Structures are given as structure tokens and as C-alpha cells.
Amino acid sequence: MTRVVCPGSFDPVTNGHLDIIERAAHLFDEVIVVVLVNESKQGLFSIEQRMELIRRSTPKLKNVSVDAFSGLLVDYCAQNGVDAIAKGLRAVSDFDYELQMAQMNGNLTGVDTVFIPTAPDYMFIASSLVKEVAKHGGDVAGLVPPVVLAALDEAYGH
Ligand code: PNS
């Protein structure tokens, strides 16, 4: 049985994230989506809200669960019997940093990282851009699931 984590900030989860989570769920026996707590970054949504939005966006994926963690991802992996880290790669611009993190994580505990190429339709989607567009009243309906769209509307008072 292969258990992988899909880690991230997920502030908020986007259709790009969901595509990666869904494909990981088909490739591996068990997927844990882990919301990593970044103490130095004030997010739009609380960790609990982010987890809830992911849960409500993945009801049909029976082998997907959602968790949160504060600390090193490799420690989460070691404590939870995780075999590998699954990450989406959008573009060459993602690659340098993602490779560096994958190698650092591998160096720390030997945990491996599997990269899943982002589908072309989702290449340009990033949570930060979605928030910026939504904040100014732009249309992000095609970029996030309906529950996130509603949460963004509420957060920005639209
Ligand atoms: O969605 P993001 O912000 O691109 O995700 C980055 C994330 C949370 C996966 C990464 O910053 C991370 O793994 N943070 C946990 C702390 C950690 O393990 N840092 C060392 C990475 S080599």
C-alpha cells in the first residue's frame, strides 16, 4: 500500500491543486492532503477553513484525507508512514525551487518526491493570483471550486 502526501499552503485550494490531488488519488492507494502551517505568513483563510474547503471539494475521492501540520514536512512523513511526497509542477519556473526542496527532503530522511505535471488548462493558476483577482472583483469562477468561490466572495465582501 502506497501512501503519499500532497503538501501545500492551499490558501485557498484551486482547480489546479484539485487536478493534482485527483490524479495522485488514481496513482496511489492513499493520499493525505496536508496543509502546512507557515507562522511567518498571514493567510486569507485559517488553517481550519482551508482544510474544510479541501474536504468539501473532494467528497468523491474516498482515498483522500485532509490534515494540517506545523513543522518540517519530512517529520510529518516520518510520523505518518508516508512513502512519498506528490507535487504538481506548473512550469520551468517552478522546477528549480521544487527540485531543491525535493533534494533537501530526500537528504533529510530519504523520503522521495514524485512530480506530476500540471494539466495545460491549469498552468497559470496560483492561489496568490486567484486572491488578487477575486479581491478586485475579477471573475475566478473557472479557477476554483464553487465552495471556494463562495468563500472568496464572503472574505472580500462581494
Ligand atoms: O503551496 P506552497 O506554499 O507552494 O507549499 C510549500 C510547502 C508548504 C509545501 C513547503 O513550504 C513546505 O514543505 N513547508 C513545510 C516546512 C518544510 O518542510 N520546509 C523545508 C522544505 S525543504
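View 1. Leucine 108 has its place in helix H4, which covers residues 92-109, in a model that is predicted. At a relative accessibility of 44%, leucine 108 counts as partly exposed. Together with Leu72 and Met104, Leu108 forms a nonpolar patch on the surface, and the three residues have about 300 Å² of accessible area together.

View 2. Five strands make up an open sheet, in the order S3-S2-S1-S4-S5 and with parallel pairing. Strand S3 (64-69) and strand S5 (112-117) stand at the edges, and because each has a single partner strand, one side of each is left without a neighbour in the sheet. From one strand to the next, the twist averages 30°.

View 3. Strand S1 (residues 3-8) pairs with strand S4 (residues 84-89) in the parallel sense, over two bridges, and valine 5 has isoleucine 85 as its bridge partner in S4. Helix H1, residues 15-27, packs on the sheet and touches S1, strand S2 (30-36), S3, S4 and S5, with a direction that makes about 120° with that of S5. Helix H2, residues 47-57, also packs on the sheet, where it touches S2 and S3, and the direction of helix H2 makes about 170° with that of S3.

View 4. How many residues of S2 are buried? Seven of the seven are, so the strand is largely enclosed by the rest of the structure. Glu30, Ile32, Val34 and Leu36 point one way from S2, whereas Val31, Val33 and Val35 point the other way, and all are buried. S1 and S2 pair in the parallel sense over six bridges, and the bridge partner of glycine 8 in S2 is valine 35.

**View 5. Lysine 87 within strand S4.** Lysine 87 is found in strand S4, and at 18% relative accessibility this lysine counts as buried, because the cut-off for that class is under 20%. When its neighbours within four places in sequence are left aside, lysine 87 is in contact with Pro7, Ile20, Glu98, Met101, Thr113, Val114, Phe115 and Ile116.

View 6. Arginine 3 is partly exposed, with a relative accessible area of 26%, whereas glutamate 30 counts as buried at 17% relative accessibility.

View 7. The side chains of arginine 23 and aspartate 19 meet in a salt bridge, with 2.9 Å from N to O. Because arginine 23 and aspartate 19 are four residues apart in helix H1, about one helical turn separates them. Arginine 23 counts as partly exposed at 28% relative accessibility, while aspartate 19 is buried, with a relative accessible area of 16%.

View 8. Aspartate 94 and arginine 90 meet through their side chains in a salt bridge, with 3.1 Å from N to O. Aspartate 94 is buried, with a relative accessible area of 15%, whereas arginine 90 counts as partly exposed at 31% relative accessibility.

**View 9. Phenylalanine 124 in a loop.** Phenylalanine 124 lies in the loop between S5 and helix H5 (127-135). Is phenylalanine 124 buried or exposed? With a relative accessible area of 54%, phenylalanine 124 is exposed. Leaving aside its neighbours within four places in sequence, phenylalanine 124 is in contact with Leu129 and Leu143. Alanine 91 is 33 residues away from phenylalanine 124 along the chain, and 8.9 Å separates the C-alpha atoms of the two residues.

Conventions. Residues are numbered from 1 along each chain as its sequence is written. This is a predicted model: local features need pLDDT of at least 70, side-chain atom pairs count only at pLDDT 80 or more; totals for chains, interfaces and linings use all residues. Side-chain values use heavy atoms; hydrogens and water are left out. Two strands pair if DSSP finds at least two bridges between them. Axes are lines fitted to C-alpha atoms, for helices over the stretch in contact, and angles run from 0 to 180 degrees between N-to-C directions. Contact means heavy atoms within 4.5 Å. Patches are made of residues with over 30% relative accessible area and no salt bridge: like charges are joined within 9 Å, nonpolar side chains (Val, Leu, Ile, Met, Phe, Trp, Tyr) within 5 Å. Accessible areas come from the Shrake-Rupley method with a 1.4 Å probe; for residues, only the protein chains shown count as cover. A salt bridge is a side-chain nitrogen of Lys or Arg within 4 Å of a carboxyl oxygen of Asp or Glu. Buried means under 20% relative accessible area, exposed over 50%, partly exposed in between (1.4 Å probe, protein chains only).
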